[in-house]
Amino acid sequence: MPVFPLGAHADDGGVRFAVASTSADAVEVCLVDGPDDGLTEKRVALTERTFGVWHGYLAGVTPGQRYGYRVHGPYRPWDGLRANPAKILVDPYARRITGRVTDLYAARGWVDDPMTGLMSTVDSLGHVPLSVVSAPDVLASGPRPDVPWSETVITELHVRGYTKLHPEVPPEHRGTYLGLAHPAVVEHLSRLGVTAVELLPVASIAEEPPLLQGGRTNYWGYATLGFLAPHAGYASTPGAEVEEFTAMVTALHAAGIEVILDFVPNHTAEGGVGGTTLSYRGLDAPAYYSLGGNGHDADITGTGNTLDAGSPTVIRLVCDAMRHWVTVFGVDGFRIDLASVLGRPRSGAFDPHSALLTAISVDPVLSRVKLIAEPWDATGEGYRVGGFGVAWSEWNGRYRDAVRDFWRGHGGIGEVASRLTGSSDLYRLSGRRPWASVNFVTAHDGFTLRDLVSYERKHNEVNGEHNRDGTDDNRSQNFGVEGETSSPVLVSRRLATARAMLATLLLSTGTPMLLGGDELWRTQRGNNNAYCLDDETSWVDWTGGAGADSLSAFTARVAEIRRSSPALHRDRFYRDGEVLWWHPSGRRMGGHDWHDGHLHSLGLLRGEWLLFLHAGDPALAATLPKGGPYTPVLDSTRPDGVPVSRRPLPSSTTITLPPRSLLLLRA
């Protein structure tokens with residue numbers, strides 16, 4: 001009987017089950033039936049064991065059958081071994097998962113103390129999620145958008161939060177895969193100039209133990225239970241998550257929009273050793289988790305556990321899961337959460353050529369899709385921006401910090417200049433192109449764009465952690481008033497600065513990533529870590545309000561300007577002489593200018609485009625360089641971005657740059 005593929009695979013006569021566990025003495029597959037308040041199970045031993053995989057064929061089993069595994073073996077927590085047959089376990093390769101943790105006590109594998117206490121004998125059946133046998137996979141078909149990296153414009157969004165309040169989406173589809181597939185939503189994304197949506201985690205999610213104890217939810221979804229199963233909570237019809245996810249991808253592809261998944265192969269929802277036994281910990285903790293001393297989990301993710309990037313079991317699971325999303329659902333790429341963890345086998349030193357990162361980048365399927373690394377983890381040692389291999393693009397945290405600093409009048413002019421032109425200092429030496437820099441100013445983690453210009457301190461009290469969670473390094477500004485204001489002057493200044501930052505992002509060399517909802521002037525009321533808030537704090541408000549309509553139009557206009565000119569989305573780094581850095585006083589930037597701490601303005605001439613950025617206050621006179629005449633194309637001080645005058649301006653003309661403004665001219 002074949003050992004692979006792992007998981008539950010149905011044919012006309014039954015189902016073949018296969019699950020990996022190198023430390024088990026025996027494994028049973030449990031077929032579960034009955035109502036939720038009266039579940040029954042039939043246990044069948046898997047008697048075949050090959051290459052550390054337990055497998056067997058059960059005749060008469062059909063798709064839709066709920067099941068789990070029970071593992072018999074050593075329980076020595078001080079050695080990291082925690083087999084406990086009282087706990088029914090989710091199949092790591094399940095393609096559908098149903099249910100949730102309803103009893104934390106029953107879900108734990110221990111009593112009194114996770115390291116020295118007794119093994120729990122409480123049966124977890126009825127209190128934890130279950131796997132579901134799926135019908136045979138149907139491979140994705142139809143054309144993909146295949147948008148070149150250099151033409152890619154990403155928006156990061158949450159499947160539920162982006163459409164939960166959308167007035168044109170039918171109420172039953174709001175906050176679901178079908179909501180994101182609705183024509184009104186797809187049209188909005190297309191109008192913005194978006195070519196790819198980067199979805200916050202959609203693989204099956206479970207709440208971590210601390211959230212379960214506090215009765216809170218993991219809204220963002222960075223707590224994976226099953227890496228191959230679409231999250232059931234985002235389906236409008238229970239049990240239809242596979243079909244609805246497929247429909248969403250099809251609708252977005254039809255509009256030329258790619259689908260990139262935020263994927264989390266660095267930890268699981270089980271938490272640390274004091275957490276739950278839902279799957280991996282009970283199957284074979286040493287094969288899945290990076291263990292520290294005395295059986296404790298090593299934690300370089302800040303979640304309590306870390307998947308071991310050096311384990312063959314983990315490497316196989318991660319690659320198989322990612323390949324499944326591409327071949328079955330047709331997704332176009334992945335953003336890997338805390339990706340430096342994948343380069344740290346056994347939680348050791350970072351190696352860009354580690355086994356797992358290499359396995360992904362050379363896989364014949366995965367090497368053909370977009371791969372984006374979040375190049376840091378929960379340790380200071382793990383900040384690896386620019387340190388990944390040639391196959392990877394990266395979230396560029398240095399771009400975010402430089403642009404935020406510049407527009408609040410901080411930081412060196414040289415740093416922002418490097419980020420505007422593609423961060424060649426980070427990506428050229430490894431053989432990558434400018435689009436390897438995924439540029440962003442805001443993301444799900446941190447302030448929204450509106451809050452970035454409205455708050456100087458985080459306001460996370462509602463999260464229930466006494467405002468200790470979330471970063472204090474916001475690099476934000478509030479223009480003299482903390483939070484919302486009724487002052488038209490302050491609102492105008494905030495919107496103007498926000499437009500300048502949006503334009504900077506879309507006109508920089510590299511791959512721009514917008515935060516979904518920023519174009520609608522969304523606020524989280526100063527909360528910079530709304531990971532547990534499944535409410536109006538996190539949901540996008542589509543009803544508009546001051547600045548919302550004009551900001552969407554402005555974003556669309558800048559995206560169109562970018563799209564219309566290859567010079568604004570080039571895929572090669574600039575060579576010497578291809579860029580002219582221009583001092584507003586009317587001369588080339590000199591060596592001393594790059595160290596002038598009082599200089600908050602600069603001009604950039606590349607090809608036919610002249611870009612002026614002025615982050616200072618008050619207004620500044622600037623002289624145009626040779627090569628004109630220059631026609632104003634974009635003015636960030638205008639709500640729609642359209643300059644007051646489109647009259648060509650001769651070289652050496654002196655123009656006025658308003659406070660905190662961006663002006664784009666075409667030669």
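**Close-up views of a predicted model**

View 1. The whole structure holds zero disulfides, a disulfide being a pair of cysteine sulfur atoms within 2.5 Å. A note for all views: this is a predicted model, in which local features need pLDDT of at least 70, side-chain atom pairs count only at pLDDT 80 or more, and totals for chains, interfaces and linings use all residues. Residues are numbered from 1 along each chain as its sequence is written, and side-chain values use heavy atoms, with hydrogens and water left out.

**View 2. Helix 10 is largely enclosed by the rest of the structure.** Nine of its eleven residues are buried, among them Tyr399, Arg404 and Trp407. Helices here are DSSP runs (H or I, at least four residues), as are strands (E, at least two), numbered from the N terminus. After helix 10 comes glycine 409, with a positive phi near 80°.

**View 3. Arginine 335 sits in strand 19 (residues 333-336).** Arginine 335 is buried, at 0% relative accessibility. Its side chain makes a polar contact with the side chain of glutamate 374 at 2.9 Å; such a contact is a pair of N or O atoms within 3.5 Å, where within protein one must be able to donate a hydrogen and the other to accept it, and residues adjacent in sequence count only if both atoms are side-chain atoms. Leaving aside residues up to four places away in sequence, arginine 335 also touches others, including Glu198, Tyr222, Trp395 and His444 (heavy atoms within 4.5 Å).

**View 4. The largest pocket has about 1300 Å³ of space.** Among its 45 lining residues, Trp220, Thr301, Leu338, Asp445 and Asn529 are the closest to its centre. A pocket is an open set of points on a 1 Å grid over the protein atoms alone, with protein on both sides within 12 Å along at least five of seven lines; lining residues have an atom within 4 Å of a point. Points are joined across faces, edges and corners, and a volume is the space filled by probe spheres set on them. Helix 5 (209-214) and helix 10 (397-407) each supply at least two lining residues.

Note on methods
1 Å grid on protein atoms, 1.4 Å probe; cavity = no way out; pocket = protein on both sides within 12 Å on 5 of 7 lines; lining within 4 Å. Buried < 20%, exposed > 50% of the residue type's maximum accessible area, 1.4 Å probe, protein only.
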